[in-house]
Amino acid sequence: MPRLPDAIMSHILFTPDREEANGRIATMWLDLDFTALRDPDAAGTDRPLYRVYGKSPRGALIEIGAIWERLNRHREPYLAISISDTGIKDRSFSGNIGRLPGGSHDDLRQGIMENRHSGANGTSRSDRDAA
């Protein structure tokens, strides 16, 4: 299978100091660029590690979501992103941030994998929300 162009992949690129990041989320129903800024007061609290910003139709920077640090079942940290303001009524996005194929956990560029939860009838939450 040919490698997909990086431009169409949902991804995030952190600055070397990890104080901010820029990324893109691309799905069948959502395509947005975003900026994430680290919250300097988040360490040791239940606040998100980063605040996520998009642009309004007129170009104003608006808060649209957050990036949270979570622990997996082995108690290892990972990052999860949630976008509550997608611009589509009653439609949100959530996903995990992780290494790209061939990459390492230390890479500044990471992939975003959408979380899809199947319902009893086999539809994903995204499918049900769109109905």
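Which residue forms a salt bridge with aspartate 39? In this predicted model, the partner is arginine 51, with the closest N and O atoms 4.0 Å apart. Arginine 51 lies in strand β4 (residues 50-55) and aspartate 39 in the loop between β3 and β4, so the pair ties together parts that are twelve residues apart in sequence. Aspartate 39 counts as buried because its relative accessibility is 10%, under the 20% limit. Arginine 51 is partly exposed, at 26%.

Arginine 51 also forms a salt bridge with glutamate 63. Here the closest N and O atoms are 3.3 Å apart. Glutamate 63 belongs to strand β5 (residues 61-71) and arginine 51 to strand β4, so this pair too links parts twelve residues apart in sequence. Glutamate 63 is partly exposed, with a relative accessibility of 41%.

The count of salt bridges comes to five. Another of them joins the side chains of aspartate 90 and lysine 89, at 3.5 Å from N to O. Both residues are exposed: aspartate 90 has a relative accessible area of 60%, and lysine 89 one of 71%. Through shared partners, salt bridges join Asp39, Arg47, Arg51 and Glu63 into one network.

The strands form a barrel. Eight of them close in the order β1-β2-β3-β4-β5-β6-β7-β8, with antiparallel pairing. From one strand to the next, the twist averages 30°.

Strand β1 (residues 11-14) pairs with β2 over four bridges, in the antiparallel sense. Histidine 11 has arginine 24 of β2 as its bridge partner. The hairpin of β1 and β2 has five residues between the strands, and arginine 18 takes a positive phi near 60° there. Strand β2 (residues 20-26) and strand β3 (residues 31-38) run antiparallel and are joined by seven bridges. A hairpin of four residues connects β2 to β3. Alanine 26 stands opposite aspartate 31 in β3. Serine 82 faces serine 94 of β7.

In a regular strand, side chains alternate between the two faces of the sheet. The covered face of β2 holds Ala21, Gly23 and Ile25. Its uncovered face holds Glu20, Asn22, Arg24 and Ala26.

Phenylalanine 34 is found in strand β3. This residue counts as buried, at 3% relative accessibility. Beyond its sequence neighbours within four places, phenylalanine 34 is in contact with residues including Ala21, Gly23 and Ile25, as well as Val52, Tyr53, Ile81 and Ile112. Isoleucine 64 is another contact. The C-alpha atoms of phenylalanine 34 and isoleucine 64 are separated by 8.7 Å, and the two residues are 30 residues apart along the chain.

Technical notes. Residues are numbered from 1 along each chain as its sequence is written. This is a predicted model: local features need pLDDT of at least 70, side-chain atom pairs count only at pLDDT 80 or more; totals for chains, interfaces and linings use all residues. Side-chain values use heavy atoms; hydrogens and water are left out. Buried means under 20% relative accessible area, exposed over 50%, partly exposed in between (1.4 Å probe, protein chains only). Helices (H or I, at least four residues) and strands (E, at least two) are DSSP runs, numbered from the N terminus. Two strands pair if DSSP finds at least two bridges between them. Axes are lines fitted to C-alpha atoms, for helices over the stretch in contact, and angles run from 0 to 180 degrees between N-to-C directions. Contact means heavy atoms within 4.5 Å.
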